[in-house]
Amino acid sequence: MSSWRSLVVVSLALLSIPALAQKQSAQDKLVHLNQIQVIGTHNSYNMGFAPSEGKYFQEHYAKAYHGVEYHHQTLTQQLDGGARQLELDIVQDPKGGRFAHPKIVELTKEAGLPADPEFDPNHDMDKPGFKTLHLGDLNQRSSCHLFVKCLQAIRTWSQAHKGHAPIFLLIEDKQGRLGPLVGGVTAEPWTAATWDAMDAEIRSVFPEKEIITPDKVRGKFPTLEAAVLAGKWPTLREARGKVVFLLYNRKSGPDYLAGHAMMKGRVLFVNGRPGEPEAGFVEQDSGKAAEIDALVKKGYLVRSRSDYNTDQGRTNDTTRRDELLGSGAQMISTDFPVSEPAPWTGYTVGLPGGLAARCNPVNAPAGCVDGLIEPKGKDK
């Protein structure tokens, strides 16, 4: 952290609560949603492997295991630790039970390995509804098996921390084959009814006033992109305590948009590209800083990844991490947030000063103070 920013943080710590709130309120009217930067987690629900599951997976799928040997705390703990972007992978299971009996349980038994703890003691996988999981049959341990329970956990945290910086929720629909196991369970294809059901499930947890939707950003502009390029993302004053839903899979965008041109009535922002009428959120997982900065300066929201397949965590290579922290990417996603360091090297990704959110290094207004985006220790 630069010396002047250090002085600002110290000065803020000395301010009275009313004075701090007054300064924050003034800044909130100037800083927009796309002018901040936060740290997120990749596959945020994933709890990794139980001992025998991990041993079996490593012995039979060594290359794949190298890339998935990580796990996360609960969503609540991650939010407590400062994550402000979470990623949830969901499959549809309208009848329930499709993913209730992962084959790895029998595979480890056949291999003579000790029995692992029950992966679903509450039998949530038997219930109908969207499920949250990573790799079918082999890696299904989730901190919230039911999508609705993930949402409820996030909203409960949000309500207990009113005034938090906006939380970005990346949603990845999963269809077809779910992992390396030949003959393993597959996920059903999504239909128009599936997409409607997903939106309805989100709205069953988060009331409309707590969601920043495409309709609210587009306003009276003819396209979402036109609104974004005109700087119409909400200010922090309007966005505090709210959530933003983003659709990760670009190929799923057309199906989600069917019958909802410009995302009218939809909850999620689709993964677009510059020049497309629905473009507002642009995924740049492997994008270079210069490419990201160009998009951010135009007004787009960008999510990128600081590490892949646990490689940086194993070698403590901080090149990509440091490049992104200096970029304008609003969301920097990692397998190893500060609260969950890589076990091999201690590699982590976090904002300077342990902040949950800060002024965007590329497009924040002049004079923006990092410590006012979400002050540490402030009673929300």
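**Ground rules**

I worked from a predicted model, in which local features need pLDDT of at least 70, side-chain atom pairs count only at pLDDT 80 or more, and totals for chains, interfaces and linings use all residues. Residues are numbered from 1 along each chain as its sequence is written, and side-chain values use heavy atoms, with hydrogens and water left out.

**Entry 1: disulfides**

I looked for disulfides, taken as pairs of cysteine sulfur atoms within 2.5 Å. The structure holds 2 of them. With bonded cysteines counted along the chain, the pattern is 1-2, 3-4.

I found Cys144 bonded to Cys150, with the sulfur atoms 2.0 Å apart. The torsion about this S-S bond is about 100°, so the Cys144 and Cys150 disulfide is right-handed. For burial I used relative accessible area: buried is under 20%, exposed is over 50%, and partly exposed is in between (1.4 Å probe, protein chains only). Both Cys144 and Cys150 are buried.

The other pair I noted is Cys359 and Cys368, with sulfur atoms 2.1 Å apart. Here the torsion is about -85°, so the disulfide of Cys359 and Cys368 is left-handed. Cys359 is buried at a relative accessible area of 1%, and Cys368 is buried at 7%.

**Entry 2: nonpolar cores**

I then turned to the nonpolar cores, each a set of buried Ala, Val, Leu, Ile, Met, Phe, Trp, Tyr and Cys residues joined through side-chain atoms within 4.5 Å. The largest has 76 residues, and those touching the most other members are Phe147, Phe168, Met198, Ile202, Phe245 and Leu268. Apart from it lies another core, of 12 residues, including Phe49, Tyr56, Val68 and Leu181.

What does Phe245 touch, not counting residues up to four places away in sequence? With contact meaning heavy atoms within 4.5 Å, I listed Leu151, Leu169, Ile171, Ile202, Phe206, Ile211, Val267, Leu268 and Phe269.

**Entry 3: salt bridges**

I counted a salt bridge where a side-chain nitrogen of Lys or Arg is within 4 Å of a carboxyl oxygen of Asp or Glu. The count by this rule is 22.

Asp28 and Arg240 form one, at 2.5 Å from N to O. This pair links distant parts of the chain, 212 residues apart: Asp28 is in helix 2 (residues 17-28), and Arg240 is in the loop between helix 11 (236-239) and strand 7. Helices (H or I, at least four residues) and strands (E, at least two) are DSSP runs, numbered from the N terminus. Asp28 counts as buried at 6% relative accessibility, and Arg240 is buried with a relative accessible area of 14%.

Glu53 pairs with Arg141, the closest N and O atoms being 2.9 Å apart. Glu53 sits in helix 3 (residues 51-60) and Arg141 in the loop between strand 3 and helix 7 (147-160), 88 residues apart. Glu53 and Arg141 are both buried.

Asp215 and Arg218 meet at 2.8 Å, N to O. Both lie in helix 9 (residues 214-218), 3 residues apart, about one turn of the helix. Asp215 is partly exposed at 28%, whereas Arg218 is buried at 7%. I also noted a network of salt bridges linking Glu87, Asp285 and Arg303.

**Entry 4: helix 13**

Which residues of helix 13 (residues 289-298) are buried? I have Ala289, Ile292, Asp293, Leu295 and Val296. Seen down the axis, the buried residues fall within an arc of 165°, so they line one face of helix 13; the arc is that of the directions from the helix axis to the C-beta atoms. Ala290, Lys297 and Lys298 are exposed on the other side. The cover over the buried residues includes strand 8 (281-283), strand 9 (301-305) and helix 15 (319-325). Just after helix 13, Gly299 has a positive phi of about 125°.

**Entry 5: two asparagines**

I found Asn249 in the loop between strand 7 (243-247) and helix 12 (253-257). Asn249 is buried at 12% relative accessibility. A polar atom of its side chain lies 2.7 Å from the backbone oxygen of Asp173. Leaving aside neighbours within four places in sequence, Asn249 is in contact with Glu172 and Asp173.

Asn122 is in the loop between helix 6 (104-110) and strand 3 (131-132). Asn122 counts as exposed at 54% relative accessibility.

Conventions. Polar contact = N/O pair within 3.5 Å; in protein donor to acceptor, adjacent residues only side chain to side chain.
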